[in-house]
Every structure is written in C-alpha cells, then in structure tokens.
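Please look over the sequence and the coordinates before reading on. The report is meant to be read beside them.

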Amino acid sequence: MPEVTSGDGDGGPTEGEDGPDDGVRVDMISGARMEGLTSMEKIRLILDGVREGNIVILEEGLTPDEESKLIEVTMTEISPDEFNGIEIETYPKSSSGNPGLFDRLMGKEDTQKLTVIGPANQIETLHKDENLISTLVSRK
Amino acid sequence: MGLLTSLKDSITRVTDGLFASAEPKRIGIYGPPNAGKTTLANRIARDWTGDAVGPESHIPHETRRARRKEGVTIERDGKEVTIDIVDTPGVATKVDYEEFLDHDMEKEDAVRRSREATEGVAEAMHWLREDVDGVIYVLDSTEDPFTQVNTMLIGIIESQELPVLILANKIDKEESDIQRIANAFPQHETIPCRRSKDRTWTKCTRKSRSTSPNNARSNQRRRRRRTHRG
Ligand SMILES: Nc1nc2c(ncn2[C@@H]2O[C@H](COP(=O)(O)OP(=O)(O)O)[C@@H](O)[C@H]2O)c(=O)[nH]1
Ligand SMILES: [Mg+2]
C-alpha cells in the first residue's frame with residue numbers, strides 16, 4: 001500500500017520519505033502488484049501517489065470500468081488551489097484490434113496498456129503517437 | 001452520400017438498438033466541453049417536445065449538471081417510443097477554476113462553477129456505468145478527436161456494450177475535418193452535423209455505414225436490426 005503522508009500536500013516543504021523537495025518522484029507499478037487489488041484499491045493507490053505530486057506509471061493499465069471510476073473519484077477530490085485533477089495518457093489501442101466480446105468480458109484488451117498518470121498542474125504531454133509518449137514534468 | 005436528412009432521423013437510429021424493450025430508454029449525450037452537446041440536446045428536445053434542456057454557451061462547463069429531458073416521444077416504423085435525453089457536462093480529468101477567471105468571473109463564482117462542474121462530471125461518469133442505454137458522442141470536428149479523454153470514454157462506452165453514434169459537429173466551420181473523426185473511431189458510425197447560423201435548426205448528413213471488417217459485432221447488431229425491421 002502507498003505511504004500516506006499527511007498534511008504536506010499543500011506546497012509546504014516536503015521532508016523525509018519523499019526525498020529532496022526539488023525532485024519529482026516516479027512510481028512504476030507492475031502488473032503483478034496491481035493484480036490482487038480491487039478496483040477501489042487501485043484507484044486509491046494511484047490517486048494517493050498523484051496527490052502527493054508523484055508520477056504514477058502502470059505497467060498494465062486499468063479496465064474501462066476502472067478508468068471510469070478513476071475519473072469519477074478524481075472529480076470528487078478536486079479542490080481549488082489544492083488539487084485540480086489528473087493528466088492521464090495510455091498507449092492507444094490498436095485500431096485494427098477491436099477485441100471480441102469474450103476478450104472484453106475477461107478484461108483482456110486492457111493488459112499491456114502502459115499508463116502514465118500525474119497531477120494535472122505538473123504534467124504536460126508534449127507529444128504522443130503509437131510508440132512514444134513525451135511528457136514534461138514540472139515541480140509544483 | 002451528401003444527402004441531408006433531419007437530425008431526428010439520425011438520432012432515431014441510435015434508439016434502434018433499444019427498441020426491443022418497452023420501458024423508456026435513456027440516451028446520454030457525451031463528449032468534450034464545448035462540442036455542442038447542449039445545442040444538440042435542446043434541438044432534440046425542442047423538435048420533439050417544444051422546450052429546451054439548458055443554456056448553450058461558449059464558456060466551457062456551462063452545463064455543470066447532467067440535465068434530463070424526460071418523455072421525448074419519437075416515432076419509428078409506426079411505433080411510438082419514449083426516450084429520456086440526458087445532456088452531460090463535458091467529461092474531463094481536470095477542472096481548474098482559474099480557467100473560469102478568464103471569462104470575467106469573480107474567484108468565488110469561478111470556484112463555485114468548477115465545483116459544480118466536477119460534481120457534474122462525476123455524475124455523468126456514474127450515469128454512463130449505471131443509467132444510460134445509448135450514447136450520442138458529440139465531437140467538435142475542428143478539434144483533434146484523438147485525445148486521451150475521447151479514447152477512454154469511447155472505450156468505456158464500448159465496454160458497457162452501449163450503442164453509440166458519433167456526431168462530427170460544427171461542419172459549417174472551415175477547419176472542420178470529418179474524416180479525421182471517422183479515422184479515429186473507425187469501428188463506429190460518424191455522422192456530420194451543423195447548426196444553422198441563426199441557431200434554429202441542426203442538420204446531419206447521413207453517410208454510408210462503415211463496413212469495416214473489424215466491426216463484426218456492430219455489423220451484427222445492425223443486421224439484427226434490419227431483420228427486425230423487415
Ligand atoms: N459554428 C457552429 N457552432 C456551434 C455548432 N453547435 C454548437 N455550436 C456553438 O458551440 C458553442 C458550445 O455549444 P454548447 O452546446 O454549449 O456545447 P457543450 O459544451 O458541448 O454543451 C456554442 O457557442 C454553440 O453555439 C455548430 O454546428 N456550428
Ligand atoms: Mg453543455
């Protein structure tokens with residue numbers, strides 16, 4: 001589970017486990033790590049990281065249902081001058097690979113969908129195509 | 001091709017897939033902010049019931065709550081079908097109240113608006129998972145359709161097995177690119193639309209249906225529909 005540090009998300013000097021305050025932390029989360037989690041646990045893991053100012057990279061993305069819940073929960077947590085949402089990028093599904101119903105039900109279409117999520121005010125996508133996501137990350 | 005049909009006819013086709021059951025069906029109008037969702041929802045509501053759903057505006061997030069217009073009766077193949085039209089706020093993964101400040105708004109007002117907007121988007125996402133039976137996805141055809149939010153939303157709609165019609169809106173504008181939308185979502189039917197300058201009507205062009213082999217499932221649905229009708 002993610003470390004929950006309290007009270008230092010508002011731009012005050014960050015100390016301790018987040019490391020020096022001039023860096024940006026990147027969490028790369030393996031598919032195996034996500035596998036045993038419920039949808040809400042995954043969303044918490046992502047949003048707790050992002051709200052601390054981290055960039056979260058998922059080796060395997062979320063299912064469409066989880067993506068929809070991620071947007072919903074993100075919306076409920078937005079608050080002025082504190083958190084204004086997320087930026088999310090995934091590799092596009094190949095347009096030729098419209099998966100069959102069975103694969104959809106099994107959630108198969110979503111595996112291997114590398115996903116990058118970060119705080120909206122700190123991350124900007126510079127370029128994106130099928131093979132490359134180029135992102136500019138700035139400090140708060 | 002090039003044949004102008006009424007909006008009514010295009011929209012009615014979204015409901016085709018829903019006709020099997022007798023209970024009222026709910027059509028959600030989704031798409032990015034400013035695409036023309038409310039304009040379209042009002043058009044549908046006025047055409048069919050005589051009053052509007054909500055205010056249209058060039059200010060993003062003017063529609064901050066999902067607005068419902070209930071009991072829109074449409075006729076199809078001699079049968080009357082009642083649908084609910086749900087106009088949603090544009091889905092986004094971020095809402096920054098400072099954007100509203102650019103529109104000559106006081107901070108307090110901007111903060112309130114952004115809060116309403118976030119509630120509206122959360123609500124719209126919830127509806128999409130639980131409460132809509134079909135989707136009209138509206139895109140501004142002058143904008144790049146290949147955004148993360150569009151891709152995610154279409155993916156969510158597909159995973160819910162909802163019938164969807166993609167509207168390439170604002171084709172009256174010079175920078176409009178309908179093909180770009182058709183290319184971005186080849187698995188769905190794209191219907192170009194525009195509203196009149198005096199805002200009294202909206203027209204949609206019926207294009208030939210996609211026969212992409214990737215679209216076995218939708219084609220199957222269409223085939224079923226045809227049989228149903230015939
Ligand atoms: N040129 C043009 N403008 C349109 C069209 N449809 C809507 N608009 C304008 O686009 C802006 C946003 O429309 P609105 O319906 O509020 O968008 P929503 O945010 O998706 O609900 C308004 O200024 C509309 O008048 C269209 O077909 N052509
Ligand atoms: Mg609107």
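Predicted model: local features only at pLDDT ≥ 70, side-chain atom pairs only at ≥ 80, totals over all residues.

The secondary structure of chain A consists of four helices and six strands, which follow one another from the N terminus in the order β-α-α-β-α-β-α-β-β-β. Where contacts in chain A join residues at least 6 apart in sequence, 70% of them link residues at least 24 apart.

Chain B has seven helices and eight strands, and 54% of its 230 residues count as buried. Its accessible surface amounts to about 10,600 Å², and 43% of this belongs to carbon and sulfur atoms. For contacts in chain B with a separation of 6 or more, residues 24 or more positions apart account for 67%.

## An open sheet in chain A

Four strands of chain A form an open sheet in the order 1-2-4-3, and their pairing is mixed. Strand 1 (26-29) and strand 3 (86-90) stand at the edges of this sheet, and because each has a single partner strand, one side of each is left without a neighbour in the sheet. On average, and with direction ignored, neighbouring strands are turned by 15 degrees against each other.

In general, the strands of a sheet pair through backbone hydrogen bonds, and they do so either parallel or antiparallel. Strand 3 of chain A and strand 4 (residues 115-119) of chain A run antiparallel and are joined by five bridges. Ile86(A), for its part, has Pro119(A) in strand 4 as its bridge partner.

## The interface between the chains

The size of an interface is often given as the accessible area lost when the parts come together. Between chain B and chain A the buried area is about 2,600 Å², and carbon and sulfur atoms give 55% of it. Thr93(B), Arg129(B) and Gln148(B) together supply 23% of the area that chain B buries against chain A, which is more than any other three residues. In terms of contacts, 32 residues of chain B touch 29 residues of chain A.

Three salt bridges are found across the interface of chain B and chain A. The side chains of Lys107(B) and Asp81(A) also meet in a salt bridge, with a distance of 3.0 Å from N to O.

## Two loop residues with positive phi

Most residues other than glycine have a negative phi. Asp81(A), although not a glycine, has a positive phi of about 65 degrees. Asp81(A) lies in the loop between helix 3 (64-77) and strand 3 of chain A, and it counts as exposed because its relative accessibility is 57%, where the cut-off is over 50%.

Glu161(B) likewise has a positive phi, near 60 degrees, in a residue other than glycine. Its place is the loop between helix 5 (148-159) and strand 6 (164-169) of chain B. With a relative accessibility of 29%, Glu161(B) counts as partly exposed.

## A buried threonine in chain B

Is Thr205(B) buried or exposed? Thr205(B), which lies in strand 8 (residues 202-206) of chain B, has a relative accessible area of 14% and is therefore buried, the limit being under 20%. Thr205(B) and Pro192(B) are 13 residues apart in sequence, while their C-alpha atoms are 5.4 Å apart in space.

Key: Residues numbered from 1 in each chain as written. Chains lettered and ligands numbered in written order. Heavy atoms only, no water. Pairing = 2+ DSSP bridges. Axes fitted to C-alpha atoms, helices over the stretch in contact; angles between N-to-C directions. Buried < 20%, exposed > 50% of the residue type's maximum accessible area, 1.4 Å probe, protein only. Contact = heavy atoms within 4.5 Å. Areas by Shrake-Rupley, 256 points an atom, 1.4 Å probe, with all protein chains shown as cover. Buried area = accessible area lost by both parts, 1.4 Å probe. Salt bridge = Lys/Arg side-chain N within 4 Å of Asp/Glu carboxyl O.
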